[in-house]
Amino acid sequence: SLMEEGTVEPDDTLGKVYIISQAFQCSLIIIIIIITVLFNCSVIINISNCDIKSRIVSFVLIKNLCIVDLVGALLILPVPLAATIQGHWEYSNSLCRLNSLINISIWMEHMVMFAMLKVDKIMASTLPLGRYPFISIQKVKVIVIFSWILSFSISALVNILYPFSYEPAVVLCIPLLPGGFFIAVFSVF
């Protein structure tokens with residue numbers, strides 16, 4: 001076997017999950033989770049509690065971008081943290097598929113929110129005075145909900161059409177996508 005010939009380390013067959021130091025990587029992930037949760041919650045609360053900011057499209061979009069970050073920190077980062085604590089990846093295919101679904105959903109939603117912020121900034125700087133905001137806050141909120149549905153739908157489709165695998169470099173499961181997928185996605189945004 002390969003292990004007897006010494007070409008594959010035993011830890012590699014279990015999916016080794018840390019590069020330099022297990023303790024350092026765990027500490028770093030915990031710090032990232034704490035900072036992400038604290039800062040995103042503070043922005044979300046700040047915008048939610050301010051009547052003026054709650055009526056400005058840019059602030060509503062920023063709040064929703066922070067919500068995407070917060071959801072990502074709470075649903076994605078605990079998986080690599082748990083795997084790093086254990087020292088290897090040993091989770092089921094079902095958890096790997098769920099992890100892949102969440103990763104792609106959050107990634108897509110980030111891209112959509114950044115695109116919406118960019119469009120909002122272009123509209124604010126190019127529309128005549130009194131014509132901005134182009135759409136109401138209520139419509140923006142509906143568009144944001146639709147964007148979440150779209151992101152999860154695209155992620156589900158991607159995870160159905162393409163196989164997924166554990167990627168040790170990021171300690172996450174991701175779909176094995178062809179290069180053309182990224183070109184198509186980036187051409188839309």
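Predicted model: local features only at pLDDT ≥ 70, side-chain atom pairs only at ≥ 80, totals over all residues.
Reader: What makes the pair of Trp89 and Tyr166 stacked?

Author: The ring centres lie 4.8 Å apart, and the planes meet at 25°. Pairing needs centres within 6.5 Å, and stacking needs planes under 30 degrees apart.

Reader: Which residues do ring pairs link into a cluster?

Author: Trp89, Tyr91 and Tyr166.

Reader: What makes Trp148 and Phe152 a stacked pair?

Author: Their centres are 6.0 Å apart, within the 6.5 Å limit. Their planes are 25° apart, under the 30 degrees for stacking.

Reader: How far apart are Trp148 and Phe152 in helix 8?

Author: Four residues, so about one helical turn separates them.

Reader: Why is Trp148 called buried, and what is Phe152 called?

Author: Trp148 has 18% relative accessibility, and buried means under 20%, so Trp148 counts as buried. Phe152 has 36%, between 20% and 50%, so Phe152 is partly exposed.

Reader: How do you know that the span of helix 3 is close to the expected one?

Author: Helix 3 has 27 residues and reaches 38 Å from its first C-alpha to its last. The expected value is 39 Å.

Reader: What covers the buried residues of helix 3?

Author: The cover includes helix 4, helix 5 and helix 6. Among the buried residues are Cys26, Ile33 and Ile44.

Notes
Residues numbered from 1 in each chain as written. Heavy atoms only, no water. Helix = DSSP H or I, 4+ residues; strand = E, 2+ residues; numbered from the N terminus. Expected span 1.5 Å × (residues − 1). Buried < 20%, exposed > 50% of the residue type's maximum accessible area, 1.4 Å probe, protein only. Contact = heavy atoms within 4.5 Å. Phe/Tyr/Trp six-rings, centres within 6.5 Å; stacked < 30°, edge-to-face > 60°.
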